[in-house]
Amino acid sequence: MLMNPIIEISIPQLLLALLFIVVAQATSFVQKLGLNRDISIGTVRTVSQLFLMGYALTFIFRAENLWLTLGIYVVMVFSAVFIVRGRVKEKQIAYEVPTFLTMLSSYFLTALFVSWLVIGVHPWWDPRYFIPTAGMVIGNSMSALAISIERLFSQMRQQRELVEMKLCLGANYKEASLDIFRGAVKAGMIPSINAMMGVGLVFIPGMMSGQILAGADPLIAIRYQIVVMFMLVGSTAMSTIIVTLIIRRRCFGKSEELVVTAE
């Protein structure tokens, strides 16, 4: 099937897209939402980070170096943990290290499985497949982790008396916090599950749209997108459960007493 070549977007055309930012800025100003500064910073960061990533990927793709590819992957995971830390305002319980290690290992295994076994890339670390795959996993699961961790801490504090009452009645820390744990994991997984419900019907996902715009056969793009949707749900479930389990244990002391204090 013959596809049309991709249409290049010129700099003037790119600047024309700033009209959407102008609309957002005007809305914030008129309604006094106080978001003008955040919108401006977000716009600058979007442009600068994406252009920087574009030049970096061009260099990485040409180099085809294993250690360079893995190095970029580690930087992406570290940046994701930094963003999660900015969203979760927790100072009492240390959660950054287990979150980083879990993301580093689980996302690597996911990206490896998809690029090597599902897609069949050789070598498995081919940056044209491994980095985009890892990036999608990290970006999607990062938001889920932030939601789950924030929910876990907030519910631990809101239901502190209930948890302590269960502990006094003989429950261990797992039993006392079971409902909170389940609620935190579900909160993180719901967006990914909802995305599966609406994909192809309500919206066309980014990867599929990008492949179609680049001239790929829609049927091939669909197969890639199915793999991506399954991958995102699985990686989100795995990382969210592991991180939440570790952090929940840190909310209790050696004698299984609740150490999270009310704010």
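**Briefing: helix packing and backbone features of a predicted model**

Lysine 32 counts as exposed, because its relative accessibility is 73%; exposed means over 50% relative accessible area, buried under 20% and partly exposed in between, with a 1.4 Å probe and protein chains only. This is a predicted model, in which local features need pLDDT of at least 70 and side-chain atom pairs count only at pLDDT 80 or more, while totals for chains, interfaces and linings use all residues. Residues are numbered from 1 along each chain as its sequence is written, and side-chain values use heavy atoms, with hydrogens and water left out. Helices are DSSP runs (H or I, at least four residues), numbered from the N terminus.

**Residues with positive phi**

- Lysine 32 lies in the loop between α2 and α3, and its phi is near 55 degrees, a positive value in a residue other than glycine.
- Glutamate 256 counts as partly exposed because its relative accessibility is 27%.

**Helix α3**

- Helix α3 covers residues 36-63; at 1.5 Å a residue its 28 residues should span 40 Å, which agrees with end C-alpha atoms 40 Å apart. The expected span is 1.5 Å times one less than the number of residues.
- The buried residues of α3 include Ile39, Thr43, Leu57, Ile60 and Phe61.
- The buried residues of α3 pack against α2 (19-30), α4 (66-87) and α6, where contact means heavy atoms within 4.5 Å.

**Packing of α6 and α11**

- Helix α6 (residues 127-158) and helix α11 (residues 218-250) pack at an angle of about 40 degrees, and their axes are 8 Å apart.
- That angle makes α6 oblique to α11; angles under 35 degrees count as roughly parallel, over 145 as roughly antiparallel, 65 to 115 as roughly perpendicular and the rest as oblique.
- The crossing of α6 past α11 is right-handed, a term for a near helix turned clockwise from the far one by less than a right angle.
- The contact of α6 with α11 has 15 nonpolar, 9 polar and 1 charged residues.

**A cis peptide bond**

- Histidine 122 and proline 123 are joined by a cis peptide bond, with omega about 0 degrees.
- Proline 123 belongs to the loop between α5 (96-118) and α6.

Conventions: Axes are lines fitted to C-alpha atoms, for helices over the stretch in contact, and angles run from 0 to 180 degrees between N-to-C directions. Helices (H or I, at least four residues) and strands (E, at least two) are DSSP runs, numbered from the N terminus. Ala, Val, Leu, Ile, Met, Phe, Trp, Tyr, Cys and Pro count as nonpolar, Asp, Glu, Lys and Arg as charged, and the others, Gly among them, as polar.
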